[in-house]
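We will take a short walk, one selection at a time.

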There are 2 protein chains.
Amino acid sequence: MDIALLVFPRLTALDAIGPYEVLQRLPGAQVRFVGAERGMVRTEQGMLGIVADYDTSEVTSADILVVPGGIGTRALVSHEPLLEWIRAIDAGSTWTTSVCTGSLLLGAAGLLAGLKATTHWAALDLLEPYGATPVSERVVEQGKIITAAGVSSGIDMALRLAAHVAGDEIAQAIQLGIEYDPQPPFDSGSVAKATEAVRNLTLAGLAHEDATR
Amino acid sequence: MDIALLVFPRLTALDAIGPYEVLQRLPGAQVRFVGAERGMVRTEQGMLGIVADYDTSEVTSADILVVPGGIGTRALVSHEPLLEWIRAIDAGSTWTTSVCTGSLLLGAAGLLAGLKATTHWAALDLLEPYGATPVSERVVEQGKIITAAGVSSGIDMALRLAAHVAGDEIAQAIQLGIEYDPQPPFDSGSVAKATEAVRNLTLAGLAHEDATR
């Protein structure tokens with residue numbers, strides 16, 4: 001099971017590492033972290049460096065493609081060589097997936113035209129220009145294309161994918177391995193549940209991230 | 001808010017990145033990834049490299065210490081210089097925390113004696129030699145020491161900690177920012193809920209990880 005995980009400057013770390021932690025536990029999994037160039041990329045606020053062991057020219061196929069999000073996606077939606085790579089991997093993949101605003105890259109690559117898709121709740125309207133129908137669901141499956149909502153949703157997406165790939169029992173064993181029995185201290189993890197004050201606080205934080213781009 | 005996050009060879013990626021993704025969103029947060037030496041460490045199965053920007057000699061204090069787990073902890077419970085660093089950071093910290101088997105390092109440093117603590121469910125009995133009382137709870141708070149259960153529990157721990165540090169509304173805004181509205185496809189994330197067959201599959205996987213150490 002050959003898994004390619006795209007990384008790029010200013011990605012959101014958990015978008016990538018949530019699915020990584022699940023999928024690397026699949027029997028026979030080999031996860032490759034792939035960047036436009038080999039070497040370290042810094043995450044959204046620059047506080048973490050993670051390493052692309054491969055550049056895109058070195059990875060020409062994968063069973064599963066995972067595209068994480070982050071503010072760094074905005075610079076990449078017009079990066080034609082990267083979009084061409086996404087198209088090429090998708091052409092041979094069994095599953096093509098995204099987390100958060102990673103779906104903007106799938107969209108920009110032309111893979112979401114006519115499909116339902118999701119992304120971070122604050123970015124849903126950015127999907128429409130790509131011909132996708134944005135939906136407020138945590139994980140959206142459209143054939144082999146799976147898009148997940150914001151950041152932490154990649155864990156749920158990857159567990160679903162693990163079940164498709166290896167069966168329910170293996171997926172459940174992975175869930176137990178990462179002790180994924182969530183107990184959030186608050187019930188404010190979706191825009192439908194959070195108060196307006198909390199939503200405004202979150203948007204102010206996201207605006208700050210944009211400003212520091 | 002100065003946050004030190006310890007990294008080491010064969011850590012579990014999500015143990016570190018779950019709390020990172022939450023805590024880096026605290027107002028004024030500065031997260032430093034700290035290793036015994038500067039440079040890249042590889043995670044549990046070697047498929048991911050993450051970067052320690054600082055070595056322990058460069059980080060002499062922190063408001064919050066986060067110690068993740070992973071099979072790599074087993075080699076570190078007798079690494080006296082590292083344990084001495086943990087003690088020194090704890091001496092000046094406001095909060096000292098662990099995820100998964102990171103609590104074994106807090107224990108080996110002598111910080112859990114007489115306290116209740118938790119860790120990954122498959123490692124609970126390893127806490128007793130350090131004078132801790134193992135408990136099967138997702139997050140265990142004992143004064144300024146907070147230990148979390150396996151892998152994904154670090155997200156819940158960090159949201160609780162965010163509320164302590166910055167108040168409930170900020171913590172809720174962070175939860176919404178990472179869209180943490182978990183929808184696991186199965187209810188097998190704790191040893192109390194998983195079937196025996198699933199538990200055995202998980203343990204076989206963990207044994208395999210040990211074997212490849």
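**A tour of chain A**

Keep in mind as you click that this is a predicted model.

Begin with S2(A) and S5(A), residues 54-55 of chain A: these strands run parallel and are joined by two bridges.

S1 runs parallel to S2, residues 30-35 of chain A, and five bridges join the two. Highlight A:Leu6 here, and then its bridge partner in S2(A), A:Val34.

What links up with these two strands? Select helix H1, residues 13-23 of chain A: together with S1(A) and S2(A), H1 makes a right-handed β-α-β unit.

Now bring in the rest of the sheet. Seven strands of chain A form an open sheet, and reading across you pass S5-S2-S1-S6-S7-S11-S10, with mixed pairing. Which strands are at the edges? They are S5 and S10 (139-142) of chain A, each pairing on one side only. As background while you look across the sheet, strands pair through backbone hydrogen bonds, in either a parallel or an antiparallel way.

Finally, zoom out and colour by domain. Chain A is divided into domain 1, covering 2-182, and domain 2, covering 184-213.

Notes. Residues are numbered from 1 along each chain as its sequence is written. Chains are lettered from A and ligands numbered from 1 in the order in which they are written. This is a predicted model: local features need pLDDT of at least 70, side-chain atom pairs count only at pLDDT 80 or more; totals for chains, interfaces and linings use all residues. Two strands pair if DSSP finds at least two bridges between them. Helices (H or I, at least four residues) and strands (E, at least two) are DSSP runs, numbered from the N terminus. A crossover is right-handed if, with the strands pointing away from the viewer, the path from the first strand over the helix to the second runs clockwise. Domain bounds come from an automatic or database domain assignment.
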